[in-house]
Amino acid sequence: MEIGWMCYLRQRQVLVFFVLLSMFGVGAELGPYSVVEEMEKGSFVANLGKDLGLGLTEMYNRRARIIFQGNKEHLQLKVQTGDLLINEKLDREELCGPADPCLLYFQLLMEKPLEIFQAELRVKDINDNSPVFTEREMILRIPENSPLGIAFPLSNALDLDVGSNNVQNYKISPNSHFRVLTRKLSDGRIYPELVLEEELDREEEPEIVLTLTALDGGSPPRYGTAQVRIEVVDSNDNAPQFEQPIYKVQIPENSHVGSLVVIVSARDLDSGVYGKIAYTLFQPSEDISKTLEVNPVTGEIQLRKQVDFETVQSYEVDIKATDGGGLSGKCTLLLQVVDVNDNPPEVTMSALTSPILENSPEIVVAVFSVSDPDSGDNGKTVSSIQDDLPFLLKPSVKNFYTLVTKRALDREERAQYNITITVTDLGTPRLKTQHNITVTVSDVNDNAPAFSQTTYTLRVRENNSPALHIGSVSATDRDSGANAQVTYSLLPPADPQLPLASLVSINADNGQLFALRSLDYEALQAFEFGVRAADRGSPALSSQARVRVLVLDDNDNAPFVLYPPQNGSAPCTELVPRAAEAGYLVTKVVAVDGDSGQNAWLSYQLLKATEPGLFGVWAHNGEVRTARLLSERDAVKHRLVVLVRDNGEPPRSASVTLHVLLVDGFSQPYLPLPEVAAAEARADPLTVYLVVALASVSSLFLFSVLVFVAVRLCRRSRAASAGRCSGPEGRFPGHLVDVSGAGTLSQSYQYEVCLRGGSGTNEFKFLKPIIPNLQFQSTGKEVEENPPFQNNFGI
């Protein structure tokens, strides 16, 4: 049952939250309404719909509720009719005690739209309690010489009812000596006094028994009775007299048990037994009896328990002084409890909204109330939160506050806030209470995925296996949940001729890229495409990045010899005059490699020779030159095998065979050998054939070189004219010749080829290379125009 009650309390707190969201209409009043106590449950009180001018269904549609302080359910509201009914029997004495009028405050809450009305319910008293004497028998000892008209205070009767239903009159049973007077105190209490009207005679009547009746003002009246036993004693003609008729005392509420409140003092002019005074509390209530005690001898009044200002603010009690002869006097003690700041403020959280949506301004996060049972400045409070938070406290009615956001919150900036509500009173010393709440911010899809790079460069070696993982793209989203789940996709290529769908694919979940087929550097060196990353939010946000794939060359092409041509049926023969000096250019082996980079850097090597040491090959450019002066002893025909090798891993190579004839001069292109001396008569036609063949081959070679260079220059768009070409960025290794990836000649060398004629022998000659004057970053030196001729010659 306790768990159900707690759930009910939480529901009521949520209702209070909605009540306080509306700042308009708060504080409007209804009523007042009144009921008589002890009415049956379901009794009609009022029709709130009529009082508010609302229709029958309007209160139901607006979800009207009744809220009592302290979560009590004294009344119930039928929202279908607007009738306000009693939910339980109301006992005015239990609800309000002696307070009159008895007022119960409640609020009418309507949620749609939010509106609250203050109202009060007055519980009227009925005469359902009879007067009751605390002392069923009162004994008075009255001296026989008591003067006429002397009054003897009697114990009053208590009636839980108030107003006219309380005790209004006292009566005494008929007798010849006494009558009763009804006295009224300043606090409204009524008590009886027994007044002597005829002298007493102990010898005639030593004891008198009377019946005292207390009547209330109800209709019909109720009454209560007590016996008054009067013992007539010998003369004691002086009653005790207090020094002060009223003692006004203030005591702090934090006074300890046993603290001295006041010392009352009375004097009696009699002597002996009649002059001895005993002090007692006169007709104390149960609460006063538990709170105060009096020393019967000294008159010291002390605390029996600690007083609490928040419970009782003041006490009033009569002190009775009785001498040994039975005479008594009384005074009144007015004890005022002084409030001290002994209660810290209390925070009651009525409603809390968490999580709250980001990017939404001025959201009501929480509604709470502050209370302090102390009084004055001790009960005044000030509420605050941390200054560095985007929240604001707004005061509402009757110590209620709303916590709202100052601005729209950003979850990516901060997803959770720990808010400390600090409430401080204005007492001395100041007391404070802190209440911590946690507010989380829920996500909105306000951030697009962001790639780690705007452009990705991936490198993949040619001849790769299909479905090879070549790299990844990565994008992150600052949002959370589905708003941060990123999917990847390929964008259509800018070049419609690029078969992107057959080249690469992407994993939509993790951004991994795969090559779908084997790539060929010689066919496709690089390609670009776009990748989009989109989140799963609603609406979805996306971003793009560019991916450039560079195909890396593999050494999958062997060098190819352009000159001398290898597909001819007859070998090409080079003519060298015997008068040639050392270093004479015999011919040039021209080769290309379809690869690029160091895979296309070619080096030349003389593999075999008919006469070792006579010819040499320059490793850089394949020029075949004489290594020394020729002599008559040298053979006429020579066969040279030149090896061309690239710089790949592993290296690839090709070989070419050169045929060289030594002649005395170009005018005598063919010298008869000793074994064919008989054929000298046929030498002239053979010389003509050789010259024609040499000219044809030279022309074909020259034309091929020019066409090849022109195509290469046009493709790279680096030359301004057909006669010049920019050099490579850096110095080649000493033993290599750089050949471009398209299988062309090295850009480092271009040759002017021509036939030079003159009066002497005709000579087919390669002129010196045209080398541009370049600066290299590695050495900072210019390349020499005519590098030294060194290789197999040993020069």
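**Entry 1: the whole chain**

I'm working with a predicted model here, not an experimental one. I started with the secondary structure and found 7 helices and 53 strands. Next I looked up burial: the chain has 795 residues, and 43% of them count as buried. I also checked how far along the sequence the contacts reach. Taking contacts between residues at least 6 apart in sequence, 67% join residues at least 24 apart.

**Entry 2: the largest pocket**

How much volume does the largest pocket have? I got about 1400 Å³. I then asked which residues sit closest to its centre, and wrote down Pro98, Leu158, Asp187, Arg189 and Ser285, out of 40 lining residues. Several elements give two or more residues to the lining, among them strand S11 (157–158), strand S12 (167–172) and helix H5 (286–291). Strands S18 (246–252), S24 (314–323) and S25 (328–338) are on that list too. S24 gives the most, with 5 residues. Sorted by class, the lining comes to 16 nonpolar, 12 polar and 12 charged residues.

**Entry 3: aromatic rings**

I counted 9 aromatic pairs in the structure. I picked out Phe391 and Tyr417, whose ring centres are 5.3 Å apart with 85 degrees between the planes, an edge-to-face pair. Phe391 belongs to strand S30 (residues 391–395) and Tyr417 to strand S32 (residues 416–425), so this pair links parts of the chain that are 26 residues apart. Are these two buried or exposed? Phe391 is buried because its relative accessibility is 2%, under the 20% cut-off. Tyr417 is buried as well, since I find 3% for that residue.

The next pair I looked up was Phe527 with Phe529. Their centres lie 6.1 Å apart and their planes meet at 25 degrees, so I logged this pair as stacked. Phe527 comes out buried at 5% relative accessibility, and Phe529 is buried at 0%. I also noted one aromatic cluster formed by Phe451, Tyr456 and Tyr488.

A reminder to myself before the backbone notes: most peptide bonds are trans, and most residues other than glycine have a negative phi.

Where did I find cis bonds? One runs from Lys112 to Pro113, with omega near -10 degrees. Pro113 is in the loop between strand S6 (102–110) and strand S7 (115–124). Another cis bond joins Ser354 and Pro355, and its omega is about 5 degrees. Pro355 is also in a loop, between strand S26 (346–352) and strand S27 (356–357).

Gln283 is not a glycine, yet has a positive phi of about 50 degrees. With a relative accessible area of 17%, Gln283 is buried.

Asn399 is not a glycine either, and its phi is positive at about 65 degrees. The loop that holds Asn399 runs between S30 and strand S31 (400–405). What about its burial? At 45% relative accessibility, Asn399 counts as partly exposed.

Notes: Residues are numbered from 1 along each chain as its sequence is written. This is a predicted model: local features need pLDDT of at least 70, side-chain atom pairs count only at pLDDT 80 or more; totals for chains, interfaces and linings use all residues. Side-chain values use heavy atoms; hydrogens and water are left out. Helices (H or I, at least four residues) and strands (E, at least two) are DSSP runs, numbered from the N terminus. Buried means under 20% relative accessible area, exposed over 50%, partly exposed in between (1.4 Å probe, protein chains only). Contact means heavy atoms within 4.5 Å. On a 1 Å grid over the protein atoms alone, a cavity is a set of points where a 1.4 Å probe fits but cannot get out, and a pocket is an open set with protein on both sides within 12 Å along at least five of seven lines; lining residues have an atom within 4 Å of a point. Grid points are joined across faces, edges and corners, and a volume is the space filled by probe spheres set on the points. Ala, Val, Leu, Ile, Met, Phe, Trp, Tyr, Cys and Pro count as nonpolar, Asp, Glu, Lys and Arg as charged, and the others, Gly among them, as polar. Rings of Phe, Tyr and Trp (its six-membered ring) pair if their centres lie within 6.5 Å; planes under 30 degrees apart count as stacked, over 60 as edge-to-face and the rest as tilted.
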